[in-house]
Amino acid sequence: MNKPTQYLLSTLILLSSNLVAQRNVIYKDLDKAIQCKEHVYKLDLSRKKLDSLPIQLYQLKNVEYLDLSKNRLNHIPPKLKELPHLESINLSKNEFADFPLILTELKQLQEIIINNNKISSIPKQIENLNNLIKLDLWSNELSIIPKEISNLSLLEVLDLRVIQFTDHEKKRISDLLPNTKIYFSNSCNCGD
């Protein structure tokens, strides 16, 4: 290999490793993230006492991972669709009573963590999330899972711990998702 080719190859390797390193940076300050918005792929806004999403968030068009856990959120606005690369969202330990319907429109999502809320039902539109691999609903107030969840062919993990399903409902969910690892808590046998 000649010297110019070696130099070019070395430069490309260096640039590539810098890009990989940059993609692994987790920004925890929204103001700092806005300053280099084109290079923000991971954003952690957990524990910020948020009761709504800051409007500046939608400037971060390359965000792939968004942690909004341990806030006071109970609603996600439709504007979230303005984050076209979002693959993973953590909404755990907030104040959701309803599963945010807007999430079912984000077809690129691969992971939804929405545990420790007060969600009592999952919308049928969950079936739209064709790329979903992990759905964490741990410790919510669910009693039934819609049959449409069976359309999530890539779903590998469904966490339903600390939810008291009957044995009958557990079997139904397991039958709907035969290729998914499902985590349940012990049955209560209530209502059987």
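Contact here means heavy atoms within 4.5 Å.

**Entry 1. Ground rules**

I am working on a predicted model, in which local features need pLDDT of at least 70 and side-chain atom pairs count only at pLDDT 80 or more, while totals for chains, interfaces and linings use all residues. Residues are numbered from 1 along each chain as its sequence is written, and side-chain values use heavy atoms, with hydrogens and water left out.

**Entry 2. Confidence**

I looked up pLDDT, the predictor's confidence in each residue, from 0 to 100. The protein chain has a mean of 91, and 88% of its residues reach 70 or more. I noted one stretch, residues 17–21, where pLDDT stays under 50. For that stretch the model has 1 contact beyond four places in sequence.

**Entry 3. Whole chain**

I took helices (H or I, at least four residues) and strands (E, at least two) as DSSP runs, numbered from the N terminus. The protein chain has 3 helices and 8 strands. Along the sequence I read the pattern α-β-α-β-β-β-β-β-β-α-β.

For burial I used relative accessible area: buried is under 20%, exposed is over 50%, and partly exposed is in between (1.4 Å probe, protein chains only). Of the 192 residues of the protein chain, 41% count as buried. Accessible areas come from the Shrake-Rupley method with a 1.4 Å probe, and for residues only the protein chains shown count as cover. The protein chain exposes about 10700 Å², of which carbon and sulfur atoms supply 51%. Among contacts with a separation of 6 or more, 27% are between residues 24 or more positions apart.

**Entry 4. The sheet**

I counted two strands as paired if DSSP finds at least two bridges between them. The 8 strands form an open sheet in the order β1-β2-β3-β4-β5-β6-β7-β8, with parallel pairing. Its edge strands are β1 (26–27) and β8 (181–184), each of which pairs on one side only.

I then went through the end of the sheet that holds β8. Strand β6 (residues 134–136) runs parallel to β7 and is joined to it by 3 bridges. In that pairing, Asp136 stands opposite Asp159 of β7. Strand β7 (residues 157–160) is joined to β8 by 4 bridges, again in parallel. Leu158 stands opposite Ile182 in β8, and Asp159 has Tyr183 of β8 as its bridge partner. Helix α3 packs on the sheet and touches β7 and β8. The direction of α3 makes about 165° with that of β8; axes are lines fitted to C-alpha atoms, for helices over the stretch in contact, and angles run from 0 to 180 degrees between N-to-C directions.

**Entry 5. Arg172**

I looked up Arg172 in helix α3 (residues 167–176). Arg172 counts as partly exposed because its relative accessibility is 23%. Not counting residues up to four places away in sequence, Arg172 touches Ile144, Ile145, Pro146 and Lys147. Ile144 is 28 residues from Arg172 in sequence, and the two are 9.4 Å apart in space, C-alpha to C-alpha.

A polar contact is a pair of N or O atoms within 3.5 Å; within protein, one must be able to donate a hydrogen and the other to accept it, and residues adjacent in sequence count only if both atoms are side-chain atoms. The side chains of Arg172 and Glu169 make one of 2.8 Å.

**Entry 6. Ser88**

I found Ser88 in strand β4 (residues 88–90). Ser88 is buried because its relative accessible area is 9%. Leaving out residues up to four places away in sequence, Ser88 touches Glu64, Tyr65, Leu66, Leu109 and Glu111. With Glu111 there is also a side-chain to side-chain polar contact of 2.5 Å.

**Entry 7. The loop between β2 and β3**

I looked up Asn62 in the loop between β2 (42–44) and β3 (65–67). A relative accessible area of 19% is why Asn62 counts as buried. A polar atom of the Asn62 side chain lies 2.8 Å from the backbone oxygen of Glu38. Beyond four places in sequence, Asn62 touches Glu38, Val40, Tyr41 and His85.

I checked phi in this loop as well. Most residues other than glycine have a negative phi. Arg47, which lies in the loop between β2 and β3, has a positive phi near 55°. Arg47 is exposed because its relative accessibility is 59%. Lys49, also placed in the loop between β2 and β3, has a positive phi of about 60° although it is not a glycine. Lys49 is exposed, with a relative accessible area of 60%.
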